[in-house]
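Hi there,

Here is the structure I promised to pass on to you. Please open it next to this email, and I will walk you through what turned up in it.

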Amino acid sequence: MAKTGATHVIIMGPQGAGKGTQAAVVAPRLQLAHIATGDLFREVMASDSNLGKEVRSYYDRGALVPDDLTIRMLMARVDEVLVGQSSLRGMLLDGFPRNQAQAESLDLALRDRGDRLAAVVRVDVPRDILMDRLTGRLICPNCGATYHRVFNPPKNDGVCDVCGSTLTQRSDDTPEAVERRLSIYYEQTAPVLDYYRKSGLLVDIDGDRPIDEVSASIIEALAPRFDAS
Ligand code: ADP
Ligand code: ADP
Ligand code: ZN
């Protein structure tokens, strides 16, 4: 694997906390490239490949894709995005890691590359708010932009502000799949926050506020972590 010496940030929080929404605003401001493992999987499922079918067998149930496959796909994308991009500091990782094993695999992969983590941003929102956010979520299948029917509607009904494509609902934003994904989050992913807290990387952000306020807090909290590097 190529040595790049990049500096990465992780954004964590339960489904619906606003990770994707915030990443779209914050990543370009901090010269980071946004990579969401969920987006990687949706891309591969859009092709009719065997890999796409394998991923779908987990994805549509709201189950985690196996760790090995996930980390391989993620690191391949990191290489692809960072090669020749001297204006980027690193990646804003969204949706990864989701369990302790993934966090440890990431540490090893970053060490091999000579990369480091600048911070782990935790965006937190009370559980009872998340279901409404997720069942009203609309996404752009073309550019990945995220909207909400009520809380963050597009300018024109059903059409992406960024690229003009028709918005859709995710196949796993049904109440059943949301419940399953949230349970996995609280059981397997939330404990990883302690791991990062112990290493002094965790930055806590209250995500139960208007989108702009949350973005401003994230940028303010991260700026000194880059200046120190
Ligand atoms: P995540 O990536 O954490 O699952 P998203 O960014 O996709 O979350 O946001 C989930 C839904 O909530 C989307 O429909 C989004 O438009 C909406 N949303 C995001 N941030 C806020 C906010 N601060 N207040 C209200 N709704 C929000
Ligand atoms: P959400 O966080 O709302 O569940 P994502 O778009 O991040 O949605 O992920 C959608 C699906 O992709 C997950 O339910 C899971 O099947 C798969 N996935 C995403 N990230 C990972 C990961 N780090 N490890 C394993 N599976 C993942
Ligand atoms: Zn779009």
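A residue is near a molecule if one of its heavy atoms lies within 4 Å of it. Please also keep in mind that this is a predicted model.

**Ligand 1**

There are 19 residues around ligand 1, and those that come nearest are Lys19, Thr21, Arg137, Tyr147 and Arg209. Some of the contacts are polar. Gly20 takes part through its backbone, with a polar atom 2.9 Å from an oxygen atom of the ligand. Tyr147 also uses a polar backbone atom, which sits 2.8 Å from an oxygen atom of ligand 1.

How much of ligand 1 does the protein cover? On its own, ligand 1 has 560 Å² of accessible area, and the protein covers 92% of that. Helix H1 (19-29) and strand E6 are the elements that give two or more residues to this shell. Sorted by class, the shell around ligand 1 holds six nonpolar, nine polar and four charged residues.

**Ligand 2**

Now move over to ligand 2. The shell here has 18 residues, with Thr37, Ala63, Arg98, Arg170 and Arg181 coming nearest. For Arg181, a polar side-chain atom lies 2.6 Å from an oxygen atom of ligand 2. Gln102 brings a polar side-chain atom to 2.9 Å from a nitrogen atom of the ligand. In the case of Val65, a backbone N or O atom is 3.0 Å from a nitrogen atom of ligand 2. Ligand 2 exposes 540 Å² when taken alone, and the protein buries 96% of that area.

Which element gives the largest share of the shell around ligand 2? That is helix H2 (residues 37-46), with four residues. By class, this shell divides into six nonpolar, six polar and six charged residues.

**The zinc ion**

Ligand 3 is a zinc ion, coordinated at 2.3 Å by the SG atoms of Cys140, Cys143, Cys160 and Cys163. The angles among the four donor atoms run from 98 to 118°, and the site is tetrahedral. Along the sequence, the donor residues follow the spacing C-x2-C-x16-C-x2-C.

Why does the pair Cys140 and Cys163 tie together parts that are 23 residues apart in sequence? Cys140 lies in the loop between strand E5 (137-139) and strand E6 (146-148), while Cys163 lies in the loop between E6 and helix H7 (175-198), so the two connect these parts. Are these two cysteines buried or partly exposed? Cys140 has 2% relative accessibility, so it counts as buried. Cys163 has 33% and therefore counts as partly exposed, since that value falls between the cut-offs of 20% and 50%.

**Two more residues to look up**

Leu82 is part of helix H4 (residues 67-82). Its relative accessibility is 11%, so Leu82 counts as buried. Between the C-alpha atoms of Leu82 and Ala109 there are 15 Å in space, and the two residues are 27 apart in sequence.

Asp206 belongs to strand E7 (residues 202-206). With 40% relative accessibility, Asp206 counts as partly exposed. Asp206 and Met91 are 115 residues apart along the chain, and their C-alpha atoms are separated by 22 Å.

Best wishes

Key
Residues numbered from 1 in each chain as written. Chains lettered and ligands numbered in written order. Predicted model: local features only at pLDDT ≥ 70, side-chain atom pairs only at ≥ 80, totals over all residues. Heavy atoms only, no water. Polar contact = N/O pair within 3.5 Å; in protein donor to acceptor, adjacent residues only side chain to side chain. Areas by Shrake-Rupley, 256 points an atom, 1.4 Å probe, with all protein chains shown as cover. Nonpolar A, V, L, I, M, F, W, Y, C, P; charged D, E, K, R; others polar. Donors = N, O, S within 2.8 Å, 3.2 Å for Na, K, Ca; no water. Tetrahedral: all angles 85-135°; square planar, octahedral: opposite > 155°, others 65-115°. Buried < 20%, exposed > 50% of the residue type's maximum accessible area, 1.4 Å probe, protein only.
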